[in-house]
Protein chains: 2
Amino acid sequence: MNEPTEDEHNYSTKPYRTPDGAPTDIAMFTITSEEKPGAKKALPIRQLKVMLIRRRKWPFEGKWALPGGFTRPTETVQQCAERELLEETGVANVHLEYFQVYSSPGRDPRGWMISHAFVALVQEQALEGRQTSEEASEVRLVPVEEALAMELAFDHRDILGDALARIRQLMMTTTIAKAFLPELFTISELYQVIQTVVPTFEEKNFIRKVTSTQSRQGILEEARGEDGSPLLSNRYSQRPAQLYRFTDYAPELSIYG
Amino acid sequence: MNEPTEDEHNYSTKPYRTPDGAPTDIAMFTITSEEKPGAKKALPIRQLKVMLIRRRKWPFEGKWALPGGFTRPTETVQQCAERELLEETGVANVHLEYFQVYSSPGRDPRGWMISHAFVALVQEQALEGRQTSEEASEVRLVPVEEALAMELAFDHRDILGDALARIRQLMMTTTIAKAFLPELFTISELYQVIQTVVPTFEEKNFIRKVTSTQSRQGILEEARGEDGSPLLSNRYSQRPAQLYRFTDYAPELSIYG
DNA sequence: CTAATAGTGTCTGTAAGACAGTATCCA
DNA sequence: TGGATACTGTCTTACAGACACTATTAG
C-alpha cells in the first residue's frame, strides 16, 4: 500500500466501537414449473419459491435462514453475495441485485452486524443437479407463502417480506421477467411468470398491449429464423405460438405523463 | 443484556477482520428560488443545489464532502443519518431516504469502511438562518452541476451522481415533489420543480394530464376554502391560479399495462 | 394597453377495453 | 371431433397531442 497509514495521521479507529461484521443475506427466488396432472400440452403450474438453508451453528441452530455470509475486507458486498451464493447453493451467473440494509441494534446475537440484503432471480434449470447434492437436506426451495409463515433465523422473515415486495415492484416496472424466462418465450409464458410473482396482476388483452409497438414502444420483438420466417413454439399449446425476446429498450415510467 | 454472550457459545468475532466503521453519507438537495431580475410576478428561477461541507481533518482535509458520520452501535443507519444531518447542518424533519451502499475496498484511507448513502430533500425555507451561522464558510449549497465538476472527498462524486439519478427517478415515479413544495401549490410550481430536478422533462398539456381524474386517478386535488370556494394564488402570476395538494394516492406503475 | 401567466375549446389520431369469433393442432 | 391455447375483428369510449384561443390582473 502506498497510502499513508493511520498512525502517520494520528488517526485510530480504536476509540470507537466498530461493527462486528458486514454480512450479506440473499433472497434467491426461482419459479418452478410442473405439468398439470392429466392434461398434456397445457399451461404448467408455476410456483414462486425461495431458497432457504438450515443453520448448523449457533445462533438459531437448526432454524431455516436465507443464505449469506460475511463480507471480506478485499471485496464489495456485491462480490460477497456472489461468492456466498456460489458456496452455499452452487449457483453462479444469477441476476443479483442489492436492495436494502438491515441495521437494527440487536438484530444479531453475535454482535453488531449491519446486514446487506440482496434479491437473486434464477431459472429453475440453473438449479438442476444442485437439488440432489449431498447437502440436499440442508438446502430447500420453499414456496414463498410457506416461507413467510415459518420461523426463520434472525430478522430473515422481514427481509424476505421486503425482498418479495421488491421483486414484485421490479417485475412490474422493469424487464426483470427475463431472469425467469428462456431467451425466447411466448406471450403466455411471460404472462404466467408475471402472475406467479404478482398474483394480483391481470390484463385483458395482454397480447395487444405488449406487442403493440406504438404504446409499449417495443419492449418485445418477434423471434424470426434466418429466412425471416417466424419462430414458433408448441411447448404448451396445440397451436404453435409466436416466440418473442426482450429488446434492450427500457421504458421510463412516470406518474405525470 | 439478557442475551447470551459470545463466550457462552464459543463464538468470537476476533479471528476475522471486522469493518472499521459504518459511516453514512447524505446527499441533501434543495431547490432555491430567485426572483427573475426585472419582472415581478414572474415565475422564479429555480436551481437544484446540494449541501456540501468542508472537511477539517485528515483524510481529504480542506476538500468538500457530503455530510455524514459514523453509525453508533445503538442506532440504525437511518437514525445515524438523521442525527448527522441535524448535527452538521442543523436540519431536522427532512425527507430522508436510504438508497445505496458503497463498499469498494480502499474507498476510505482510514480503513475498511462500508458507507451507507442517503438522499435528503428539503425546502429552501427550512434552511433559512442556517446559512448565516458562524460555520457558514464550512457549509455550502452548491448547484448540482457545479458540485459534480468539483473534486470531492472520498468517492463522494460517484455517490452524488448516483443520488442525483435516484432523485430524478423518484421525481418521475413518486409524489416526492411534495418535499420541495409547500402544502398548497399551483400546477406551474409543480411543473417547475419537476423540471428543475429533471431538465429533460417536458409535457405539453401538463395541466390536462395531471388534473384529469380519469387518467391520473387523482394524485392531485383542488384546494378549497371552508365555504367550498376554490383557493387561489397569485404569487407568480397576475391571474390567480388554482391551488392543489397531493392526495395520498400512489399510482402503481407498470411497463405492461 | 401590455405583459405574463392561467386556463379552455376543439380537432385528430390512436390506444384501451370488452368480447365474440376464428385458427391451429393433438389426442 | 372436442379441447386447449393462440390469436384477430370490431366496436365504443377515452385519452394524447397539438395549438389556437380566451381569462385575469398588475403596472
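Predicted model: local features only at pLDDT ≥ 70, side-chain atom pairs only at ≥ 80, totals over all residues.

User: How many salt bridges does the rule find across the interface of chain B and chain A?

Analyst: The rule finds zero salt bridges between chain B and chain A, although the side of chain B that touches chain A has 10 charged residues.

User: What is the area buried between chain B and chain A, and what percentage of it do carbon and sulfur atoms give?

Analyst: The size of an interface is often given as the accessible area lost when the parts come together. Here the area buried between chain B and chain A is about 4500 Å², and carbon and sulfur atoms give 66% of it. Of the area that chain B buries against chain A, 21% is supplied by Trp58(B), Ile255(B) and Tyr256(B), more than by any other three residues. As for residue counts, 56 residues of chain B are in contact with 57 residues of chain A.

User: Into which domains is chain A divided, and how many Å apart do their C-alpha centres lie?

Analyst: The assignment divides chain A into domain 1 (23-173) and domain 2 (177-246), and the C-alpha centres of these two domains of chain A lie 27 Å apart. The contact between them involves 18 residues of domain 1 of chain A and 20 residues of domain 2 of chain A.

User: What area is buried between domain 1 and domain 2 of chain A, and which residues of domain 1 lose the most area to domain 2?

Analyst: About 1800 Å² is buried between domain 1 and domain 2 of chain A, with 66% given by carbon and sulfur atoms. In domain 1 of chain A, the residues that lose the most area to domain 2 are Lys41(A), Arg46(A) and Met171(A), which together account for 39% of what that side buries.

User: How many salt bridges and how many residue pairs in polar contact are there between domain 1 and domain 2 of chain A?

Analyst: Between these domains of chain A the count is zero salt bridges, while four residue pairs are in polar contact, both partners being at pLDDT 80 or more.

Definitions and conventions
Residues numbered from 1 in each chain as written. Chains lettered and ligands numbered in written order. Heavy atoms only, no water. Contact = heavy atoms within 4.5 Å. Buried area = accessible area lost by both parts, 1.4 Å probe. Salt bridge = Lys/Arg side-chain N within 4 Å of Asp/Glu carboxyl O. Nonpolar A, V, L, I, M, F, W, Y, C, P; charged D, E, K, R; others polar. Domains from an automatic or database assignment. Polar contact = N/O pair within 3.5 Å; in protein donor to acceptor, adjacent residues only side chain to side chain.
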